[in-house]
Amino acid sequence: MNVDFAVLERTGAVAGGIIVGVVAFYALYKDWSTPGVENHVFKLMLLLLGFGAILAILAGINVLGNFPKVA
Amino acid sequence: MSIESAQMTHAGGIAGHIHPEPQGFVRRYVFSIDHKIIGIQYIITAFVFFMLSGLLAETIRTQLLNANGGFVSPETYNEVYSVHGSAMVWLVVIPLLTGGFGNLIFPLQIGARDVAFPWLNMLSFWIFPVAGLMLFSSFLMGAPTAGWTEYPPVSLQGSAGTSMWAAAIFLVGVSSTLTGINFVVTLVKMRAPGMTFTRMPLFCWGQFATAPLLMIATTALAAALAALFMERVFGVPFYDPTKGGSPVLWQHMFWFYSHPAVYIMILPAFGIISEVLPTFARKPIFGYKLIAFSSMAIALAGFMVWAHHMFTSGLAPYLQLPFMILTFAIGIPTGIKIFSWTATLWGGKIHLTSAMLFAIGFIALFTCGGITGIFLAAVPYDLDVHGTYFVVAHFHYVLVGGSLMGVFAGMYYWFPKMSGRLLNETLGKIHFWLFFIGFNGTFLPMHWLGIEGMPRWVATYDPQFEFWNRFASVSSYVMGIGILVFFVNVLWSIRAGKKSGPNPWNGRTLEWMIPSPPHYYNFKNIPTVYGLPYDFSHPLPYTGLEEELTDAPPALAAGAH
Amino acid sequence: MAVASIAHGSAHGDGADQLYVETRELRLQGFLLFLVSDCVLFSSFIFAYLYLRNSGQGWPPPGIKRLDVAFAAWNSVLLFGSGATMHYALENWKHGNFMKYMWMLIFTIILGAGFLGGQAYEYTHLIVAEHVSWWGSGIFGASFFTLTGMHGFHVFVGVCYLTVLLLQSAAGVYTGQKYFGITAGTLYWHFVDVIWVVLFSIFYLI
């Protein structure tokens with residue numbers, strides 16, 4: 001049972017992570033030349049958001065956070 | 001005008017915009033949003049706390065008259081010095097210099113009608129007396145006993161008042177953070193036309209260097225205090241080594257705030273001195289840009305030297321060396337300032353008013369305190385005198401001889417702007433000499449007491465130190481009398497002092513161009529600025545001030561009622 | 001300044017609009033500085049966590065299981081997704097698509113609430129099944145619950161804020177150039193997201 005949940009969660013994380021990552025980087029690309037301090041902050045935030053999505057994908061496919069189970 | 005912009009009129013503080021003056025005593029003087037009133041509120045409140053913690057200081061000195069103490073019990077003594085230190089730092093010096101003089105003066109100096117967020121300013125102020133009462137009320141439940149630094153594990157074992165202490169300091173921190181945000185925005189966005197950064201008076205530069213420290217460093221302290229509070233009240237282990245925590249963690253977090261905090265306490269005082277010296281030497285300030293930028297350098301470097309307070313806490317030797325060198329390096333911008341001030345005095349037409357006496361006294365005493373600071377930054381020397389009276393002597397020289405002398409200089413200099421009356425000069429000079437002699441008599445002997453090995457935080461001591469302790473205690477009473485003279489002077493002058501007129505000192509910064517005390521809206525027309533305020537013998541670098549001292553009504557800004 | 005003029009053309013030219021633009025500038029800067037100081041608050045606790053973690057007992061400390069990466073990754077994606085929808089809410093507002101803006105805001109609120117639900121589930125699981133508590137599990141419980149709890153509180157505040165924003169928008173409080181509340185909400189929500197990127201990496205991935 002537990003294993004099923006884990007697989008489900010990982011699949012969701014990878015799928016969601018891909019969507020969010022693509023959206024974040026696309027939005028970043030679209031906004032790249034917007035002026036003004038708030039837009040610069042938004043771009044920084046989008047970059048970090050995309051980075052977070054990549055982390056979620058890597059965690060989902062067991063590249064990051066993959067540790068031997070400790071009893 | 002739409003409803004929304006009508007709301008804006010009350011909430012926002014835009015440089016060119018005039019708010020309607022509130023009517024009624026409460027809205028005008030109690031819950032005021034006027035930066036000048038808030039500044040005066042800060043100053044009054046902080047001086048009340050100053051008297052209370054000054055009494056605690058005299059209690060400490062009375063206890064130390066005799067080698068075996070006997071005035072108060074050792075437990076009470078611990079509470080007394082802990083609250084004395086905390087109150088002097090957080091309830092006196094920081095509020096006086098930032099909330100007090102900052103609020104009162106710098107919006108006038110940059111030609112603004114208020115700070116950026118007047119309501120936030122009111123909130124910042126009202127948090128402060130509440131926190132102060134909380135701190136002093138901790139005596140009722142057993143005050144903190146681990147000094148103003150409250151190192152665990154002692155602070156974890158202290159009585160209930162320690163939690164109260166943490167909550168009170170947290171609140172003062174919130175107040176400071178909000179003030180910092182407010183000041184940064186005001187200084188960046190609300191300067192009068194033509195007032196570029198390099199035309200700002202140096203007091204504004206002092207505040208401009210301090211405000212980011214208030215905003216950033218204080219939040220780090222808030223985290224440390226929150227963790228201490230959670231550990232004491234809910235038993236959440238952060239600092240208790242028996243549960244895996246680390247007492248050294250507190251020291252890191254505390255000093256990451258408290259080292260910048262010592263610059264919070266001195267940079268505005270540097271600003272005050274940089275205003276007082278040229279005005280009374282009748283001479284342009286020497287090295288304007290160097291003084292301004294060295295303040296910023298000190299503020300920046302202040303974040304990188306915190307571990308020099310922890311040389312005896314088991315810091316790895318390879319970490320001690322960079323912290324030692326960086327701390328030495330802070331002596332460079334500080335030295336630049338000292339030499340610039342001395343060069344300002346050189347060849348000036350010096351008027352020895354009370355404000356000027358305090359400013360010159362500041363240079364002398366702060367230099368002494370700065371030099372002992374360099375001593376303490378050296379690891380081998382620090383290992384020898386850490387936790388002795390040498391450290392006490394050092395930080396009283398910079399905090400009392402530096403910050404507090406700056407506060408007094410500012411009080412004599414700007415009191416006319418607050419009240420429209422001058423402080424009495426004779427009483428002022430008596431105040432200065434009693435204070436100066438008493439101060440040196442109190443704290444100079446502590447240097448050699450410390451070198452000979454007298455530890456801090458003790459209620460009794462070895463009889464061999466008795467002579468100089470008695471000397472220090474008696475001198476501290478002289479200093480106390482000096483401060484009483486100051487209070488008498490203020491209370492007398494506020495009723496019967498000589499009328500000052502708008503510009504009693506022939507100052508050239510913007511606050512002297514308007515009546516004393518200023519109107520609610522500060523400036524009838526926002527002036528335009530063409531240069532530095534320090535070029536004595538040149539015409540004033542402002543236009544648009546012709547109507548300020550006349551009966552003309554204020555010009556309404558676009559969009560006002 | 002830039003956004004206001006890009007989005008809805010030039011101002012009407014009367015004083016009230018000029019006043020608004022200036023006020024907006026002040027508020028924007030004040031709000032950004034507030035976020036900076038909030039960031040320092042998180043950084044201090046993160047420093048405390050990393051300091052304690054490296055104090056030599058190994059991590060996780062003896063007797064405590066590793067955190068569940070798979071669930072956290074899924075939950076994080078909910079929060080990151082809400083960041084993306086919030087970004088498009090503001091974009092749609094700027095381009096005048098009011099209904100799209102409202103839907104994006106609603107999605108953001110749902111995803112944020114979903115994240116909070118996930119966190120509640122995770123807390124319950126840790127406390128009930130693994131007997132980890134805030135005060136009783138040494139520095140692990142202390143740092144984990146303090147940091148994620150503080151972040152969760154920020155998310156909770158953000159969800160409340162966005163709900164108020166939704167109601168205000170429906171009532172027509174924000175018009176034309178006058179939408180600083182929406183900008184502030186977006187900035188705050190992005191900030192909360194980005195803090196979670198850091199917390200997710202330091203608690204679950206390393």
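View 1. Residues 24 or more positions apart account for 56% of the contacts in chain A with a separation of 6 or more; a contact here is any case of heavy atoms within 4.5 Å. This is a predicted model, where local features need pLDDT of at least 70, side-chain atom pairs count only at pLDDT 80 or more, and totals for chains, interfaces and linings use all residues. Residues are numbered from 1 along each chain as its sequence is written, chains are lettered from A and ligands numbered from 1 in the order in which they are written, and side-chain values use heavy atoms, with hydrogens and water left out. Chain A has two helices and zero strands, taken as DSSP runs numbered from the N terminus (helices: H or I, at least four residues; strands: E, at least two). Chain A has 71 residues, and 41% of them count as buried. Buried means under 20% relative accessible area, exposed means over 50%, and partly exposed is in between (1.4 Å probe, protein chains only). The accessible surface of chain A is about 4200 Å², with 75% of that belonging to carbon and sulfur atoms (Shrake-Rupley method, 1.4 Å probe; for residues, only the protein chains shown count as cover).

**View 2. Where chain C meets chain A.** Here 33 residues of chain A are in contact with 38 residues of chain C. About 2900 Å² is buried between the two chains, and carbon and sulfur atoms give 79% of it; that area is the accessible area (1.4 Å probe) that two parts lose on being put together, summed over both. The rule finds one salt bridge across this interface, a salt bridge being a side-chain nitrogen of Lys or Arg within 4 Å of a carboxyl oxygen of Asp or Glu. Its partners are Glu38(A) and Arg24(C), whose closest N and O atoms are 3.2 Å apart. On the chain C side, helix 1 (2-8), helix 2 (15-53), helix 3 (69-94) and helix 6 (180-205) each supply at least two of the residues that touch chain A. Helix 3 of chain C gives the most to that side, with 15 residues. There are also three residue pairs in polar contact across the interface of chain C and chain A, both residues being at pLDDT 80 or more. A polar contact is a pair of N or O atoms within 3.5 Å; within protein, one must be able to donate a hydrogen and the other to accept it, and residues adjacent in sequence count only if both atoms are side-chain atoms.

View 3. Ser37(C) sits in helix 2 of chain C and counts as buried, at 4% relative accessibility. A polar atom of the Ser37(C) side chain lies 2.9 Å from the backbone oxygen of Phe34(C). Setting aside neighbours within four places in sequence, Ser37(C) is in contact with Thr177(B), Ile181(B), Met215(B) and Thr219(B). As for chain pairs, two of them touch, and chains B and C have the most contacts. Chain A and chain B do not touch, their nearest C-alpha atoms being 14 Å apart.

**View 4. The largest nonpolar core, around Phe362(B).** This core has 260 residues, and those with the most contacts inside it are Phe47(B), Trp90(B), Tyr239(B), Trp341(B) and Phe362(B). Helix 9 of chain B (residues 247-281) brings the largest share of this core, 20 residues. A nonpolar core is a set of buried Ala, Val, Leu, Ile, Met, Phe, Trp, Tyr and Cys residues joined through side-chain atoms within 4.5 Å. Not counting residues up to four places away in sequence, Phe362(B) touches a list of residues including Ile266(B), Phe270(B), Trp341(B), Gly402(B) and Met405(B).

View 5. Pro152(B) and Pro153(B) are joined by a cis peptide bond, with omega about 0 degrees. Pro153(B) is in the loop between helix 5 (118-137) and helix 6 (154-157) of chain B. Glu150(B) lies in the loop between helix 5 and helix 6 too, and has a positive phi of about 50 degrees although it is not a glycine. Glu150(B) is buried, with a relative accessible area of 0%. Next up is the loop between helix 16 (466-496) and strand 1 (528-529) of chain B, where Pro517(B) is found. The peptide bond from Ser516(B) to Pro517(B) is cis, with omega near -15 degrees. Asn506(B), in the loop between helix 16 and strand 1, has a positive phi near 55 degrees, and it's a residue other than glycine.
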